[in-house]
Amino acid sequence: MLAKVPSIKLANLPTPLEETPRLAKKIGISKLLFKRDDLTGFAGGGNKARKLEYDFAEILLGGYDVVITAGGIQSNHARMTAAAARKTGLDVKLVLGGPDFKKFQGNLLLDVLFGAEIRYLVNDDDNDHLTAAMQEWAEELIKRGKNPFIIPIGGSTGLGAVGYFRAIKELAGQTGERQIQIVMAVGSCGTLAGSILGAKVFLPEARIVGISVSRSSKAINQATTQIINECAKILKLNIDLDKISVESYDQYYDEYGVITRESKNSVLECANLEGIILDPIYTGKSMCGMIDLLDKGIIDPDITTVFLHTGGIPIIYSFESEFEKSANCTKIYNKY
């Protein structure tokens, strides 16, 4: 019997499982399905909604009045945390980091729309520095009589991973197949951890493949294993965790938050073949990684593959200078 874990409703679930035959034919795979977690609906959609349902239950039950979190300049997690705080009547503070910017675009613009107070570390998105800045801000707020709650970068905790443990149960009820390959982008490791643990229970013949967007496979494996153990403890799962392995690949990003030629091509290919929008930082990189692993024979073309679309669509609007080069537009003046 699984433990009951308190949650609130943010996401519109279940999200669709959509077949993409034109893309599958192009890349040479027998059957490719997209798990459309970009359509969770809340605040622009994305995978973070599933995690925040559990984080905010803890926040509300604990009587906290300010939420603090951190991430890069285009953090999906920061955007959705800001929205969840507003939906639940809480104040929100964001510590963001990255290159200096001239315009508020993409997720950063939405952070402003949700009224988040932002402290921006210019040219610095080191996780340790972001975490230290959050802690410093929390201490300031405590001195002012506030009761702040810090959500770690990416919301990647054992509690947040419960959201993806449940997501795999949802997927198992949709696919009708047991032996499948599930491919996803990996950043802060919570989605991967919850998915691996969920597969252990609900889809034991499934293979979970993580494509890194920000760190080495060694770091991913360590962080994911830790979160799996935390999540299993919360759920009171009686399973042998020593037999759980983590499969991840780290060769498809140059630097976190930076577009690559391959990820740009993946975005354009999905848009042109299936009308599905990816972003060049997370899902675009995991897509080009999946295609390369398929070409190398690491992913089996004859086994049904599920691509977990984790969202991130607002990010595309911060890369207009890259994608406007692909425009096929003729300007006509004063003809009619």
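How many bridges join strand E7 to strand E8, and do the two strands run parallel or antiparallel? Six bridges join E7 (residues 181–186) to E8 (residues 207–212), and the strands run parallel. The model is predicted, so local features need pLDDT of at least 70 and side-chain atom pairs count only at pLDDT 80 or more, while totals for chains, interfaces and linings use all residues. Residues are numbered from 1 along each chain as its sequence is written, and side-chain values use heavy atoms, with hydrogens and water left out.

**Sheet**

- Helices (H or I, at least four residues) and strands (E, at least two) are DSSP runs, numbered from the N terminus.
- Two strands pair if DSSP finds at least two bridges between them.
- Six strands form an open sheet with mixed pairing, in the order E1-E2-E10-E7-E8-E9.
- Its edge strands, E1 (17–19) and E9 (248–249), each pair on one side only.
- Methionine 184 has glycine 210, in E8, as its bridge partner.

**Lysine 200**

- Helix H7 (residues 190–202) contains lysine 200.
- Lysine 200 is partly exposed, because its relative accessibility is 35%; buried means under 20% relative accessible area, exposed over 50%, and partly exposed in between (1.4 Å probe, protein chains only).
- Apart from neighbours within four places in sequence, lysine 200 is in contact with Ile239, Asp240, Lys243 and Ile244, where contact means heavy atoms within 4.5 Å.
- A distance of 11 Å separates the C-alpha atoms of lysine 200 and isoleucine 228, which are 28 residues apart along the chain.

**Pockets**

- On a 1 Å grid over the protein atoms alone, a pocket is an open set of points where a 1.4 Å probe fits, with protein on both sides within 12 Å along at least five of seven lines; lining residues have an atom within 4 Å of a point.
- Grid points are joined across faces, edges and corners, and a volume is the space filled by probe spheres set on the points.
- The largest pocket holds about 840 Å³ of space.
- Its lining has 38 residues, and those nearest the centre are Asn127, Ile153, Gly187, Ser188 and Arg215.
- Elements giving two or more residues to this lining include helix H2 (48–61), helix H5 (127–143), E7 and H7.
- The lining of the largest pocket divides into 13 nonpolar, 18 polar and seven charged residues; Ala, Val, Leu, Ile, Met, Phe, Trp, Tyr, Cys and Pro count as nonpolar, Asp, Glu, Lys and Arg as charged, and the others, Gly among them, as polar.
- The second largest pocket has about 630 Å³ of space.
- Of the 26 residues lining the second largest pocket, Ile73, Gln74, Pro99, Gly257 and Phe319 are closest to its centre.

**Aromatic pairs**

- The structure holds six aromatic pairs; rings of Phe, Tyr and Trp (its six-membered ring) pair if their centres lie within 6.5 Å, and planes under 30 degrees apart count as stacked, over 60 as edge-to-face and the rest as tilted.
- Tyrosine 64 and phenylalanine 149 are edge-to-face, because their ring centres are 4.9 Å apart and their planes stand at 70°.
- This pair links distant parts of the chain, 85 residues apart: tyrosine 64 lies in the loop between H2 and E3, and phenylalanine 149 in strand E6 (residues 148–150).
- Tyrosine 64 is partly exposed at a relative accessible area of 27%, whereas phenylalanine 149 is buried at 12%.
- Phenylalanine 101 and phenylalanine 104 also form an edge-to-face pair, 5.0 Å centre to centre with 75° between the planes.
- Ring pairs join Phe101, Phe104 and Tyr120 into a cluster.
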